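Thank you all for making the time. Please take a moment with the sequence and the model, and then I will walk through some of its contacts.

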Amino acid sequence: REHELSKLSSLEYEKYNMHKLNLVYGREYLAVTQRAWLTTFPTPMHMHHMWEARYFGQKHVVTTKQTHFTSLPSSSTSSGNGSDTNDVWKKLDYEDYDMMLEEQHNGNANAFVQLPQYRDNGSLELTLKVVSVAPCVFEIDNFLSQIEIDHLIEMAKRYNVTTTEMKQQNQLQQLSTNQNTELTKAEKKKRKKVLKNAKSNAWIRREDSPIVNSIYHRAADMLQIDEALLRHRNEHEHTELNTHHSIAEAVHLTQYVSEQGYVPRLDGSQPSIVNRYQPNRFATIVFFLNDKEQMEGGDLIFPRAVSVENHDGIRIQPKAGKAVLFYNLLPDGNLDDLSQAYKRVSGNW
């Protein structure tokens with residue numbers, strides 16, 4: 001064994017010792033918590049707020065100034081140059097956020113409420129209801145308005161859409177052309193594989209429009225996180241942090257067809273053992289853009305969650321505008337292996 005270790009480079013030997021330390025900590029962690037240690041020691045403790053989920057039906061109420069968009073300008077009611085319509089689709093940059101920050105510092109409490117003429121007045125009350133204690137899962141009705149849903153779908157159609165490779169689409173068409181022809185076992189297997197992979201994706205970023213920006217800001221308020229952390233920042237904001245990048249990813253919209261979805265998986269990951277910051281997906285928010293009546297299936301399923309009524313997983317039925325929040329990590333930084341989720345959809349975005 002010593003002979004094999006002597007062949008390691010200095011970096012490889014450092015990784016070897018780090019893995020040994022991780023194994024020792026994992027044994028102690030298991031003895032104390034009765035849980036497997038699924039990440040890398042040492043892992044920094046969370047810097048973000050986590051909502052409690054102590055019992056089913058527990059509720060938390062959050063108030064935000066980021067009210068719903070309830071209307072949009074039409075071309076017939078816009079000014080002659082169409083500036084109102086363009087404002088809805090305007091991409092934001094550092095200058096826009098700097099202007100909003102300056103207005104806020106000058107006493108404008110609603111500086112970050114963009115296009116108020118198309119939104120509800122006052123504030124929006126969001127209620128987080130606990131639907132699972134382990135893992136921690138919350139559902140939030142009416143997180144999105146229908147106008148916002150339509151905007152996300154329209155934006156997905158306009159920008160950032162990647163579809164299945166044409167080769168796969170052609171294969172699917174060939175295998176589906178003649179419904180009267182009995183497919184061979186190999187063709188059925190091939191069709192199933194093509195169906196599984198045939199989908200459309202769109203990635204929508206916070207700065208893509210004022211509506212998307214408000215959705216991110218609303219999510220930050222719901223999570224009790226500074227909204228600035230969910231966008232790219234200039235060098236003057238949060239100088240105590242080691243990065244000016246957003247901790248939030250782009251909104252990922254996926255369109256499935258019949259018999260599609262994704263398999264149970266963890267949204268958290270295992271960063272490289274040499275990354276001392278151990279970055280990970282802290283939480284996931286799922287938006288439903290369709291009602292149950294508009295599709296077959298579409299439930300968000302947590303197969304390892306248990307409740308009094310369900311011993312084989314918890315299912316959350318789709319409802320347009322509903323959001324589902326779940327944490328991928330435990331408060332101590334370990335991956336929550338109970339947070340596996342999957343979705344099986346037949347319908348639209």
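This is a predicted model: local features need pLDDT of at least 70, side-chain atom pairs count only at pLDDT 80 or more; totals for chains, interfaces and linings use all residues.

Let me begin with aspartate 208, which forms a salt bridge with lysine 91, the closest N and O atoms lying 2.9 Å apart; by salt bridge I mean a side-chain nitrogen of Lys or Arg within 4 Å of a carboxyl oxygen of Asp or Glu. This pair links distant parts of the chain, since aspartate 208 sits in the loop between strand 5 (200-204) and helix 8 (210-223), while lysine 91 sits in the loop between helix 3 and helix 4, 117 residues apart. Helices (H or I, at least four residues) and strands (E, at least two) are DSSP runs, numbered from the N terminus. Aspartate 208 is buried, with a relative accessible area of 6%, whereas lysine 91 is partly exposed at 46%; buried means under 20% relative accessible area, exposed means over 50%, and partly exposed is in between, with a 1.4 Å probe and protein chains only.

Residues are numbered from 1 along each chain as its sequence is written, and side-chain values use heavy atoms, with hydrogens and water left out.

How many salt bridges does this rule give? The count comes to 14, and one of them joins the side chains of aspartate 336 and arginine 35, at 3.7 Å from N to O. Here again distant parts of the chain are linked, with aspartate 336 in the loop between strand 11 (323-327) and strand 12 (341-346) and arginine 35 in the loop between helix 2 (10-33) and strand 1 (59-64), 301 residues apart. Aspartate 336 counts as buried, at 3% relative accessibility, and arginine 35 is partly exposed, at 25%.

A further salt bridge brings together arginine 281 and glutamate 249, at 2.6 Å from N to O. Arginine 281 lies in the loop between strand 7 (260-265) and strand 8, and glutamate 249 in the loop between helix 8 and strand 6 (251-255), so this pair ties together parts that are 32 residues apart in sequence. Arginine 281 is partly exposed at 37% relative accessibility, and glutamate 249 is partly exposed at 47%. Salt bridges with shared partners also join Arg35, Arg304, Asp336 and Asp337 into one network.

Turning to the aromatic rings, a search of the whole structure finds nine pairs, where rings of Phe, Tyr and Trp (its six-membered ring) pair if their centres lie within 6.5 Å, and planes under 30 degrees apart count as stacked, over 60 as edge-to-face and the rest as tilted. Phenylalanine 282 and tyrosine 327 have ring centres 5.4 Å apart and planes at 50°, so the pair is tilted. Phenylalanine 282 is in the loop between strand 7 and strand 8 and tyrosine 327 in strand 11, 45 residues apart. Phenylalanine 282 is buried, at 12% relative accessible area, and tyrosine 327 is buried, at 1%.

What of phenylalanine 302 and phenylalanine 326: how far apart are their ring centres? The centres are 5.1 Å apart and the planes lie at 80°, so that pair is edge-to-face. Phenylalanine 302 belongs to strand 9 and phenylalanine 326 to strand 11, 24 residues apart. Finally, ring pairs link Tyr25, Tyr29, Trp37 and Phe41 into a cluster.
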